[in-house]
Amino acid sequence: MPIARLDAATPALIERLHEVYLAANDDPGPAMSLDHFTITLLFSSGCSVESYAEVRDGSVAGGYTLALPETDNTHLTLLHQLFVAPGARRHGVGSELLRHALARTRAHGRRLMIGESAATGPGAAFAKAHGFEAASTDARRVLDLRTIDWDRVTELHAQAVRHAEGYELEQWTGPAPQSLYPDLATLVTGMNDAPIDDLDIEDERWDAGRVADMEQKHERSGFTGCHLLARHSATGEPAGLTRIVYYAADHAGWARQGDTVVLREHRGHRLGLLLKVANLLALRDRRAGLDRVITWNAASNGPMVAINEQLGFQPFDEWHEWQLHLV
Ligand SMILES: CC(C)(COP(=O)(O)OP(=O)(O)OC[C@H]1O[C@@H](n2cnc3c(N)ncnc32)[C@H](O)[C@@H]1OP(=O)(O)O)[C@@H](O)C(=O)NCCC(=O)NCCS
């Protein structure tokens with residue numbers, strides 16, 4: 001059964017795979033546009049990427065993407081977007097794609113594969129059937145912008161501002177100015193403090209070049225968004241970051257909360273709360289016609305979950321990151 005490699009020269013096959021992705025997608029959260037899907041198949045900052053589609057009887061039956069970290073975590077591969085067309089399921093297509101991905105992982109000399117799926121449903125059943133262990137649990141929460149109590153958000157903002165004296169906020173929309181890349185590298189590195197539960201992974205290393213790649217990926221995915229950086233006024237050091245991104249024309253009205261981080265030496269000043277409420281107010285002021293913001297955290301991330309709950313985020317569902325040590 002032919003498994004075809006996808007690349008920039010196969011846009012028609014990628015488009016057919018995207019149609020299968022939309023049909024196969026049972027995620028009640030936001031779906032990927034064709035632009036976003038295409039970039040995810042071909043490009044990931046800090047990783048090389050391989051993507052494949054399986055064609056059966058002239059139809060695309062499924063596909064997957066394998067990301068190979070190049071600057072850290074070179075012992076593992078990340079399995080993304082393994083899915084099978086609804087009409088082709090339970091005939092071993094998923095297993096065949098996974099065998100192919102495992103062979104690629106071995107060929108690259110890597111000893112661990114990590115994937116993710118909703119904590120219940122076909123993805124979880126498939127992962128367990130293939131010997132993956134649930135190494136971490138992520139909780140998704142949603143904030144409904146149609147019913148949010150903006151007076152409460154404004155009051156939380158005022159409280160946080162009082163505690164965060166000595167810090168100033170810098171805001172931008174769209175791609176970050178290049179002058180911020182070194183600060184963004186420092187801040188994204190701070191994300192290594194987020195809980196990893198039992199995942200066999202090491203800290204990610206970020207520099208300005210990797211930030212440039214990430215920014216380019218966001219832009220080519222069609223995302224725009226609201227970004228806020230907190231800076232320590234006395235030293236000029238970057239202290240914290242948050243961002244919310246969305247497609248300019250997302251008919252489903254989803255916005256996605258991206259990384260939020262406060263660096264260790266700047267914690268305890270309610271900067272996390274300040275960044276999130278100030279960014280929500282900025283999003284409101286943009287009148288982008290969005291309905292909901294979705295956020296992902298390790299379920300064990302107490303401080304971030306507490307802030308989200310204060311803002312009115314409601315539990316949506318749970319996901320697992322699955323890992324398989326190759327023998
Ligand atoms: C998960 C998915 C890729 C499985 O594809 P598939 O081609 O149906 O998988 P296979 O036929 O190779 O199934 C292999 C085994 O996994 C388990 N399995 C797969 N789907 C299952 C389901 N819906 N319920 C229970 N077990 C299931 C079974 O043990 C199955 O063996 P069996 O059919 O002999 O009982 C497919 O359901 C899908 O695309 N789901 C949406 C995306 C997703 O969740 N991807 C997984 C990310 S880890």
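The protein contains 9 helices and 12 strands, where helices (H or I, at least four residues) and strands (E, at least two) are DSSP runs numbered from the N terminus. The radius of gyration, taken over C-alpha atoms, is 20 Å, close to the 20 Å given for 327 residues by the globule rule, so the protein is as compact as a globular protein of that length; the rule itself is 2.2 Å times the number of residues to the power 0.38. The structure is a predicted model, in which local features need pLDDT of at least 70 and side-chain atom pairs count only at pLDDT 80 or more, while totals for chains, interfaces and linings use all residues. Residues are numbered from 1 along each chain as its sequence is written.

Domain 1 (3-110) and domain 2 (141-316) make up the division of the protein, with bounds that come from an automatic or database domain assignment. Their C-alpha centres lie 28 Å apart, and 13 residues of domain 1 are in contact with 17 residues of domain 2, contact being defined by C-beta atoms, placed from the backbone, that lie within 7 Å. On the side of domain 1 that touches domain 2, helix 2 (residues 34-42) contributes the largest share, 3 residues, and the residues of that side divide into 4 nonpolar, 7 polar and 2 charged. In this classification Ala, Val, Leu, Ile, Met, Phe, Trp, Tyr, Cys and Pro count as nonpolar, Asp, Glu, Lys and Arg as charged, and the others, Gly among them, as polar.

Around the ligand there are 20 residues, of which Arg89, Gly94, Ser95, Gly123 and Ala125 come nearest; a residue is included if its C-beta atom, placed from the backbone, lies within 6 Å. Strand 4 (76-84), helix 3 (93-107), strand 5 (112-118) and helix 4 (122-129) each supply at least two residues of this shell, and helix 4 gives the most, with 6 residues. The shell divides into 10 nonpolar, 7 polar and 3 charged residues.

Definitions and conventions:
Contact = placed C-beta atoms within 7 Å.
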